[in-house]
Amino acid sequence: MADDSGPTCAGNGLLMAVSVMSLAGCVYVMATYLYVPALRQHPAGIMFGMSVYGAFYQFLYLIEASGGATECISTPFIVDLALTGQETYMLIFAIDLLLALKNPFTTSKGQMNYYHVAGCLGSIVFALVSRIDSYDALFGFCWMDTTSARLAWPLSQRRAAPAGIFFALYILVIYSISLYAILRTWNTLLKGLPDTFMTRKRIHRHLKYYVGCFVFYWTGVLVTYAVYTFIPYSSHYKCQAWQFLSSVLLSKGMVNSVIWTRTSNILKIISQLREFGYVDLPPHDNSINWALRLEILTFTTRGICESIARAEVQAIEGIGTDRHIKYTQIEEIVLRQEESNTVIFYDYAPHIFRYLRSIAHVSNASYRDALKETTQERVSEGKSGAFFYFTQDRKYLVKTLTHEELKFLLLILPKYVTFMAAHPDTFVTKFVGCHALTMYGKTVFFIVMQSVFDTPLQIHERFDLKGSWVGRLEGRKTRGTTVVCKYCAKEYVIGGTHDQMCDLNGGNVRHAYDNVGKDLNWNHHMKLPRHIARRVAKQLQVDSHFLQEINCIDYSLLVGIHHRSFRVDAPSATTSPDEKPFHQANLGGMSVEEVYGPGVYFMGLIDILQQWNLRKRVEHFVRVYVLQQDRGGISVVKPAIYMDRFQRRVVKELIFDLHGENAELHDALSTEDHRPSFASSSSSVSSRRPVYAANDTFLSVDPVTPRSSMNLFASRPPLADEQPTTALSPQPPYQPMMDTPQSLV
């Protein structure tokens, strides 16, 4: 009779030992990430999330193995969730690199929160999908338990354990995307400015290490699995191959610890702690976002300076004097010509913004000189996540725009020019330039504006006032939070023991983060002289009427306060010092010699490029009817409602109550002539038509892809002395317009 026995597989203790070491590796990554703040540099949070899922998976296996059961007793869904969660973060790492190339202006903190949520939801969805075939996921420990149990069967009954293929397909997808990411960024990260070359080279090296370890690990798994499959069940090597494959599958946590040690700065941190007793690492040491932002900042500044010079030359030579051309003109400047990475700068309506600078009393020379020396960048932590930087003298602010904001600005530009020319005392943001930059195949839009805080005085308090109250309370940041200094734009830890001094004034000033208060943080009436407060209130009402007219919402009054100390005279004592104790001598108390409070106010209306459109209507519906928020207190309301609330809760309650002056102001606004100051004055008022029609702006223009080769004015008869501009944008057929005076040129 044939021998039906075969080799039996043991070695459960070996697998538990491997699992314990993997669990220790995951705990090592999580502990160092949580307790060493210097290691929390982007994208270290990706490895942290991967290790959390890995530790959970190893913990489930150890519970399973310690029970001695021959069948998987854990919930298959939970096992699949932990198994796929680890690999999802490998996919997130590749996606993060691709997104950094697309938009390097995102904050790593907010980005990582989205990654964690997306990773969790994606793992849950995949775990649910993997249960469709009712088999345990291939390479999961439930599949391992089933296979181990079948190896103990009689030799004639031994068969391969059925397994679900969804996890194997998922691994293939991750492998493909990771390979695409490394090929997509190969040339991109190795070209560019010399100042960022070392950072880009280091990021690319780390990416290759991440992807290389991932590919090497799963290649080892597949090779081992293939060898195990081809070994017959009667061979004594079958069990040895199975034990080796099981050990490799359970060693993923150790791979995470090796990658973490190699790509993080933990070895450098240990060296600094031993030598100096503290850690001093640059905040952007491993940030591809920083490298790309620096390149874009450099090229943007260079492009703005060249566009100013070009506009001056065109004005002298008389190019582009037609008003219609001025509003639709786009100048194209090639800053760097390379086969794979050409950098192109676009200047929108250069002569219009040149005119806006003139009415704002900004000379082209001072404007150009200010932009030549830029200082620290900053990424907004607000909802927009906008990137901006100040010039060296802090007179101008360069800020990124979305495509939607750019189209809205170009749409309202004629009305904006008219209003700014007619109201020199307006608080509305003064735009002085609009540009775009195309590099690495991506286009980024910028707007240049005058800073609200153009002053040598220190701004001690900042407030952002909208008039709404839902979500309009800003809390203090807790101890241990990493923030950005408002003076030097460097990261520091609140309450830390090291690196708390700012580089400003020779390092004699402590770091301070820019805590901008909101409506519910404001607790006093502005202490302005009565006649000044009245003028401020009137102008803000005029400004808010204009913003309501152009369908704008979500704007706010940015207020900066410079505090001063004031000496006060002590009130005369009403009683003899002998009658009452000294601490009650002055009206029952003690007088002070000096008070500290608001001394100078700075104000400006900001964020005026948010229009009431379909997206805002949907947001209003969701916040009111789904989230059940107060419809009167949210910021997303109709422009007329937003204007009324702003005038009531900000202008009237905080600055000045105009009382019966509102009716007179309303009459003035209703009869105000909004014609541009450069319109012809020879025609009568009754015969004048609006200088800017709805279709006379960028309403039908796609400003994302401006190209100089487009024949944009084919329907317009050429002028006798006209010289062609470099690039123009599409427009409606030409219609005769009023003569444009030389002031716009």
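## A walk through a predicted chain

Let's start with one tyrosine: Y625 counts as partly exposed, because its relative accessibility is 44%, which lies between the 20% and 50% cut-offs. Keep in mind that everything here comes from a predicted model.

Where does Y625 sit? You'll find Y625 in helix α17, which covers residues 614-626. Y625 also belongs to a nonpolar patch on the surface, together with L614, V618, F621, V622, V626 and L627.

Now zoom out to the whole chain. With 745 residues, the chain has 49% of them counted as buried. Its secondary structure includes 19 helices and 15 strands. The accessible surface comes to about 35900 Å², and carbon and sulfur atoms account for 58% of that. As for how the chain folds back on itself, take the contacts between residues at least 6 apart in sequence: 75% of these join residues at least 24 apart.

| Helix | Residues |
|---|---|
| α1 | residues 12-35 |
| α9 | residues 252-263 |
| α13 | residues 350-359 |
| α17 | residues 614-626 |

How do α1 and α9 pack? Their axes are 6 Å apart, at an angle of about 35°, and the crossing is left-handed. On the α1 side, the contact is made by V18, M21, S22, G25, C26, Y28, V29, T32 and Y33. Helix α9 contributes K252, G253, M254, N256, S257, W260 and T261.

Helix α13 is mostly covered, with 8 of its 10 residues buried. The buried ones are P350, H351, I352, F353, R354, Y355, L356 and R357. Just after α13 comes H361, which takes a positive phi of about 60°.

Last stop: T426, in the loop between α15 (403-422) and β6 (431-439). Is T426 buried or exposed? T426 counts as buried, because its relative accessibility is 4%, and buried means under 20%. Which residues does T426 touch, leaving aside its neighbours within four places in sequence? T426 is in contact with F419, M420, Q539 and D543. Take Q539 from that list: T426 and Q539 are 113 residues apart in sequence, yet 6.3 Å apart in space, C-alpha to C-alpha.

Definitions and conventions:
Residues are numbered from 1 along each chain as its sequence is written. This is a predicted model: local features need pLDDT of at least 70, side-chain atom pairs count only at pLDDT 80 or more; totals for chains, interfaces and linings use all residues. Side-chain values use heavy atoms; hydrogens and water are left out. Patches are made of residues with over 30% relative accessible area and no salt bridge: like charges are joined within 9 Å, nonpolar side chains (Val, Leu, Ile, Met, Phe, Trp, Tyr) within 5 Å. Accessible areas come from the Shrake-Rupley method with a 1.4 Å probe; for residues, only the protein chains shown count as cover. A salt bridge is a side-chain nitrogen of Lys or Arg within 4 Å of a carboxyl oxygen of Asp or Glu. Helices (H or I, at least four residues) and strands (E, at least two) are DSSP runs, numbered from the N terminus. Buried means under 20% relative accessible area, exposed over 50%, partly exposed in between (1.4 Å probe, protein chains only). Axes are lines fitted to C-alpha atoms, for helices over the stretch in contact, and angles run from 0 to 180 degrees between N-to-C directions. A crossing is left-handed if the near helix is turned anticlockwise from the far one by less than a right angle, and right-handed if clockwise. Contact means heavy atoms within 4.5 Å.
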